[in-house]
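Please read the following note beside the sequence and the structure. The points are numbered so that each can be checked in turn.

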Amino acid sequence: MRNPSYISVCAMWLVLAICSGVIAVVSTYTFVYAFEFTTEEIAIRGLIALPGAFLGIIFSRWLVNIFDKKYAVILTVLVTALLIGLPFCLRLAGWFPENGTVWTLVAFFAIWTPALILLPVVPIVIDSQLVDIADEHELQTGNRSEGIIFSIRTFAIKMTSGLGGLVGGFGLEFIGFPENASVETLDPGVIDGLLWIMGPLYIAIVWFGCCFAFLYRIDRKRHQEIIEELELRRAHDW
């Protein structure tokens, strides 16, 4: 708790986890009622996210080499959050193709595809940051404590399904989403509420969470110094 870099990663990671939980709850309603996507069309999301599992490793290494880990995470979070929320913002502004045409689906996933391909960069680089924090913690205390340090990953999963889902449910209650809703009878104000949650509100919260990333203090030079000091200490202990 005295390590500002660890607090930085934990705070941002938990905000992202809560937002993921909200998206998981509210996105299905938005797809069905705001964009009138079919089940098959919604399933495309999983297909376009698949390449990111492989390309994320390449992109993460490339971004880290250019910007270092701290700014690679910040840049990726800012861009992906903007792209994920952009279709909903455009629909609110009236700048998105009308439902019932092929252009609705094309426009939506043309925006989401680069976001879902880039998104895996965030957990990959954050895991790398946690390893660096374990090195720094060992230097400061003599104990690596990887188990405790990496426990934030499991805790974030719980926050996604628990608190994130709860917040998403409160959001649906707040906008007055009715039981047994239908596309034909749903109030336009409720649809706008779904779009606000998935668009401007989502982007604002994620960007706020990204502010914690600026507290991270371990850059490439500092980590190299940590490794060198650890190697000297280990050599002396032997």
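1. The count of aromatic pairs comes to 17, where rings of Phe, Tyr and Trp (its six-membered ring) pair if their centres lie within 6.5 Å, with planes under 30 degrees apart called stacked, over 60 edge-to-face and the rest tilted. F31 belongs to helix α1 (residues 4–34) and F108 to helix α3 (residues 102–118), so the pair links distant parts of the chain, 77 residues apart. Helices here are DSSP runs (H or I, at least four residues), numbered from the N terminus. Both F31 and F108 are buried, that is, under 20% relative accessible area, whereas exposed means over 50% and partly exposed lies in between (1.4 Å probe, protein chains only).

2. The model is predicted: local features need pLDDT of at least 70 and side-chain atom pairs count only at pLDDT 80 or more, while totals for chains, interfaces and linings use all residues. Residues are numbered from 1 along each chain as its sequence is written, and side-chain values use heavy atoms, with hydrogens and water left out.

3. Y33 and F177 form another edge-to-face pair, 5.3 Å centre to centre with 70° between the planes. Because Y33 lies in helix α1 and F177 in the loop between α5 (146–174) and α6 (188–210), the pair ties together parts that are 144 residues apart in sequence. Y33 is buried at a relative accessible area of 15%, and F177 also counts as buried at 15%.

4. One aromatic cluster is formed by F31, F35, F37, F88, F96, F108, F109 and W112. In α3, the buried residues include F108, F109 and W112. The cover over the buried residues of α3 includes α1 and α2 (39–93).

5. R144 has one with D135 (2.7 Å, N to O) and one with E146 (2.5 Å, N to O). D135 is buried at 8% relative accessible area, whereas R144 is partly exposed at 23% and E146 is partly exposed at 36%.

6. R222 and E225 form a salt bridge whose closest N and O atoms are 3.6 Å apart. The two residues are 3 apart in helix α7 (residues 220–237), which means a separation of about one helical turn. R222 is partly exposed at 25%, and E225 is partly exposed at 33%. Elsewhere, salt bridges that share partners join D135, E138, R144 and E146 into one network.

7. E136, in helix α4 (residues 121–141), deserves a separate remark. E136 is buried yet has no salt bridge, and R222, the nearest side chain of opposite charge, is 4.2 Å away; Lys and Arg count as positive and Asp and Glu as negative, with His and the chain ends not counted. Leaving aside residues up to four places away in sequence, E136 touches N3, S5, I218, R222 and I226, contact meaning heavy atoms within 4.5 Å.

Definitions and conventions:
A salt bridge is a side-chain nitrogen of Lys or Arg within 4 Å of a carboxyl oxygen of Asp or Glu.
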